[in-house]
Amino acid sequence: MKRTVIISLMALFSVLAGFSRARAEDVGTIVEDSFNYMRGKSSVSTVIMTIHRPSWERKMTIKAWTRGQKDSLFYIESPPKDHGNGTLKRGREMWMYNPKINRIIKVPPSMMSQSWMGSDFSNNDLAKSDSLLTDYTHSILGTETHDGKRVYLIKSMPKTNAPVVWGMQKLKIREDLIWLSEEFYDEDLQPVKVMTTLEIKMLGGKLYPKVWRMHEVDETDTYTELTYTSLEFKSNLPDSLFSQTSLRKARR
Amino acid sequence: MSIDAKMAWRNIWRNTRRTILTISAIAFASLLLVFMLSFQFGSYETMINTSVKIHTGHLQIQAAEYREKRNIRYIVSDLNNIAAVLENIPQIASYTYRAQAFSLVSSAKRTYGAIVTGIDPAEEAGVSRLKSLVRQGAYLSGEDTDQALLGSLLARNLHVKIGDELTILGQGRDGSIAATVVKVKGIFKSGIDDFDRSFLQIPLKTFQDVYAMRGMVHEVVIVAHSLSDVGPIKRTIQKDLSSLSTHQRLVTLDWDELMPGLRQSIEMDLISGLIFYILLVLVVAFSILNTFLMAIFERTKEFGVLLAIGTTPGRLTKVLLIESMTMAAIGIAAGIIVGSLLTLYFQLHGFDISGASELLSQFGITGRIFPKLSWISATSGPTAVLIITFLAALYPALKVRKMKPVEAMRAN
């Protein structure tokens, strides 16, 4: 708790007062700080997810709660047909809830690589989001500049025997801890998917990547875009929020 | 009959027992080849026909990208026009519509991913053996709505039995979330693990409601009266469909494209068969070579006399070749006739393979195999025997040419 507050303060500080070059020495810290900066201690947000395909496009409004690095709850607000469908992630386990049949289904390990709600995100992308912190070692490849700020190019390789999905990830993290892009490589180190930040705005009291886009490499007309319409960072959210009971009546 | 032929004919029957043995070796090899080849071809046809009747059908009409991407959006609409085309093709035995989507299927205890397929219970029974594969419970009926059939392995994995509830959660055609609860009505077992582990059938109407399909489907599955009709049907459908003015591109796929593994296993079996045939023909060749060589050693003196009284070496070669080819011809003719009769008998009565059913069930073959006699199976093996006997006979026949009359007469 205390640590996170300090990190958030430091993050805020670095936004306002430029960057602390000292942190470059420890890449792991940059990644972790950035991750925490993005997720905050806890957050409540509303996101519009646009699934774009060459012949069609679909927009969903999703309400999301996150806590720490591991727990999250999403629930679909619109379109009305899907209203109330929810996904709960606790640790590395996932459950899905459908109001029409009033049932909770635990997503089995074999389904974790399937796409989430038909988007370009897989269940694993959601469930293993903290994997980058725990299962990878990071090294700096170089730096570039973006909007006059220094950007670290980071290569993340999985630790031996770590149960990872990706054979390599490449990150671009701006010195003010904003995530600019994340590239996912398979075990043959061939690029598979890319997530990039398209727009950075003030959200929830700090600079935040408002629009993200995930697409497969070589695909320009097939992508999933996340647009944050509201974001609020909280110091804590109750444990009961990340429970199956809460998933069932997720209509806060 | 020329004098050479007459001599050859008499020479053949000088040692009756040896000649009969040689002829029977050739005849037996030919017979075996005719029967085995017919048997193989017949079993392939059985294999193809039984495999396609489990699920895929002889032919399918799909949207062009569907086979590769398996995306629920690649649909076949315009069903009325397609039905009109299919009704006009007499070689089609039956056809049905299917729609499918990969979804989460969960019971009270477990969740697995499965291919949820919407079927038309009545029409499906004419196309696939699904109805007869139901081992527990009952097949779907026309009035059923929230009922499901599932494979035995999937049922075991999910720990469900007849009457239990299953939750299906997937994605509809419009991207919305498709969810429904169904009751297990029947459990089927095809013997093909992949099929028994990953398929769940619900009525097509229910599928279309849940997955927002708006009356559309993914596959039109067609079964022909006979395997040989598949090619012509495919061409007719392709021609007729292209004249329909549909906005989407449809493709017609035959069993070979739908189940590439089947053709490969057939090819592998054919190759291992081929190795066996080559060995068989080689054994025959050596026995014939042996017979002819023996004959020449025995008759060295006789050849010496013949050469001494003025017979040309060429004529001797000719006589010897006539001898061997006559024997080969008799043997092969006998082999083809007996082999064909044997094959025809089994073609009518079938070959009981219940003892090997465990092994063959993975190819979808159960019960009886019917060999299939064709021009290829009746002639290709014997032709190989004829060629190899000729080559085997050539060596001794040419050896005679090098004989010196005096030395030959002093032999023994």
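The model is predicted. In chain B, the domain assignment gives domain 1 (3-52 + 262-409) and domain 2 (57-258). Strand β7 (residues 177-188) of chain B is largely enclosed by the rest of the structure, because 10 of its 12 residues are buried. Chain A has an average pLDDT of 83.

**Domains of chain B**

- The assignment for chain B writes domain 1 as two segments, 3-52 and 262-409, and domain 2 as 57-258.
- Taken over C-alpha atoms, the centres of domain 1 of chain B and domain 2 of chain B are separated by 50 Å.
- The contact between these domains involves 9 residues from domain 1 of chain B and 7 residues from domain 2 of chain B.
- On the side of domain 1 of chain B that touches domain 2 of chain B, the elements giving two or more residues are α2 (16-54) and α12 (260-298) of chain B.
- Of that side of domain 1 of chain B, α2(B) provides the largest share, with 4 residues.
- Sorted by class, the side of domain 1 of chain B that touches domain 2 of chain B consists of 3 nonpolar, 4 polar and 2 charged residues.

**Strand β7 of chain B and its partners**

- Strand β4 (residues 134-137) of chain B runs antiparallel to β7(B), and 3 bridges join the two. B:Val134 is placed opposite B:Phe188 in β7(B).
- Strand β5 (residues 147-151) of chain B pairs with β7(B) in the parallel sense, over 5 bridges. B:Leu150 has B:Ile187 in β7(B) as its bridge partner.
- Strand β6 (residues 165-171) of chain B pairs with β7(B) in the antiparallel sense, over 7 bridges. B:Leu166 has B:Val182 in β7(B) as its bridge partner.
- β6(B) and β7(B) also form a hairpin, with 5 residues between them. In the turn, B:Gly175 has a positive phi of about 90°.
- In a regular strand, side chains alternate between the two faces of the sheet.

**Confidence in chain A**

- In chain A, 89% of the residues score a pLDDT of at least 70.
- Over residues 15-24 of chain A, pLDDT stays under 50. For this stretch of chain A the model has 11 contacts beyond four places in sequence.

Definitions and conventions: Residues are numbered from 1 along each chain as its sequence is written. Chains are lettered from A and ligands numbered from 1 in the order in which they are written. This is a predicted model: local features need pLDDT of at least 70, side-chain atom pairs count only at pLDDT 80 or more; totals for chains, interfaces and linings use all residues. Domain bounds come from an automatic or database domain assignment. Two residues are in contact if their C-beta atoms, placed from the backbone, lie within 7 Å. Ala, Val, Leu, Ile, Met, Phe, Trp, Tyr, Cys and Pro count as nonpolar, Asp, Glu, Lys and Arg as charged, and the others, Gly among them, as polar. A residue is buried if 20 or more other C-beta atoms lie within 10 Å of its own, exposed if 12 or fewer, and partly exposed in between; C-beta atoms are placed from the backbone. Two strands pair if DSSP finds at least two bridges between them. pLDDT is the predictor's confidence in each residue, from 0 to 100.
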